[in-house]
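Q: I would like to learn to read this model one feature at a time. Where shall we begin?

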Amino acid sequence: MAEKEQETNNMQKGFFYLRNNVYYGEYPADQTSGIVRISRIKPENIKTDMPFSEDDLAVKPVNNHAFIEPEFTYFEQGLERVFGCLGIARQENVDFSKTEEKLGITLPKEVKILYSFICSSKELTEGTERFLPLEGLEIDGENLVFYKIRRTPVGLSLKNGTLMNYHKGMWEYHAGGENFFYALNRVVVKAICSMPFNKVGKVFGAIRVAVSPEGELSSAFEGCMKILDEYWEYGNILLYNEKGALGLYRHNGFSSDLLVGCRDRELLDNITDVKLEVKWSDKPVNKI
């Protein structure tokens, strides 16, 4: 397979701006797209004790960047919430050594976090779209393949830590695309499709054209669904209920839909009865 090359991931130390917050630490210097003046950021959004001057700047990573330290925490906490909704315990002390020996690499930290959860759920490694099982992880060029859409692989760059897509015989990097948080999105979608009760609905009304629909979603689902704050991707919002429900609101710029799955029929009825302009399908969601 041919491969489109990127520059080497160059980690530097300094201020960076991530999810509306300013941090200090290591960030991939060759995966940035702008700067913000730290003195203009609200004090509650400055998540570091490192002193700064009036003129100090924080760099903004591109969307598809290698995980930066706060993101490992976001990712792990997000998976904890999602699997808690599924009633599935995280698998402790997963043995990664056989896979690492077979592949000849040390698995990236984010991959180990992901598979400490995935190893507890067989459904996530089945279907047309699926995560590869731990023992089935593959290396293609400089990419670790962890997911497949039919036969098309999705990978994590072992060189740069970025998400890589495969198209027309070539690995491609899209700076504006999602990074490895893509895996959390896929976990939720596959989990919803495997839940005993689920529905998909077409969304209408003001929320469909809202620039930031989080507020309307929070208000509409108050008491039965919360927004998963650990996840952020433009056009996608993940929702959850600790009693056993997951949801995905997605907007592609033209239309919006809502995918909901529950472990309990009554909970699904309560969620789909909220005051939100949604035309629900009578058919359950097909497995992917």
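Q: Which residue of β16 is the bridge partner of R250?
A: D257 is the partner of R250 in β16. The model is predicted, so local features need pLDDT of at least 70 and side-chain atom pairs pLDDT 80 or more, while totals for chains, interfaces and linings use all residues. Residues are numbered from 1 along each chain as its sequence is written, and side-chain values use heavy atoms, without hydrogens or water.

Q: How many bridges join β15 to β16?
A: Strands of a sheet pair through backbone hydrogen bonds, either parallel or antiparallel. Here, β15 (residues 245-251) and β16 (residues 256-262) run antiparallel, joined by seven bridges. Strands (E, at least two residues) and helices (H or I, at least four) are DSSP runs, numbered from the N terminus. Two strands pair if DSSP finds at least two bridges between them.

Q: What is the strand order of the open sheet of six strands?
A: Read across, the order is β13-β14-β15-β16-β12-β17. The pairing is antiparallel. At the edges sit β13 (226-227) and β17 (278-280), each pairing on one side only.

Q: Which strands of the sheet does α1 touch?
A: α1 packs on the sheet through β14 (236-241) and β15. Its direction makes about 125° with that of β15. Angles run from 0 to 180 degrees between N-to-C directions, and axes are lines fitted to C-alpha atoms, for helices over the stretch in contact.

Q: Which strands does α4 lie across?
A: Helix α4 (residues 182-194) lies across β12 (197-203), β14, β15 and β16. It runs at about 120° to β15.

Q: At what angle do α1 and α4 cross?
A: They cross at roughly 5°, and their axes come within 10 Å. That makes α1 roughly parallel to α4 (angle under 35 degrees). From α1, the contact uses F75, G78, L79, V82, F83 and L86. From α4 come A183, L184, V187, V188 and A191. Contact means heavy atoms within 4.5 Å. By class, these residues are 10 nonpolar, one polar and no charged. Ala, Val, Leu, Ile, Met, Phe, Trp, Tyr, Cys and Pro count as nonpolar, Asp, Glu, Lys and Arg as charged, and the others, Gly among them, as polar.

Q: What angle does α1 make with α3?
A: Helix α1 (residues 69-86) packs on helix α3 (residues 109-118) at about 5°, with the axes 10 Å apart. So α1 is roughly parallel to α3. E69, F72, F75, E76, L79, E80 and F83 of α1 meet K109, E110, I113, L114, F117 and I118 of α3. This contact divides into eight nonpolar, no polar and five charged residues.

Q: How many residues line the largest pocket?
A: A pocket is an open set of points on a 1 Å grid where a 1.4 Å probe fits, with protein on both sides within 12 Å along at least five of seven lines; lining residues have an atom within 4 Å of a point. In this model, 25 residues line the largest pocket. L18, R19, N20, W232 and E233 lie nearest its centre. At least two lining residues come from each of β2 (11-18), β5 (57-61), α1 and β14. The lining holds 11 nonpolar, seven polar and seven charged residues.

Notes
Angles under 35 degrees count as roughly parallel, over 145 as roughly antiparallel, 65 to 115 as roughly perpendicular and the rest as oblique.
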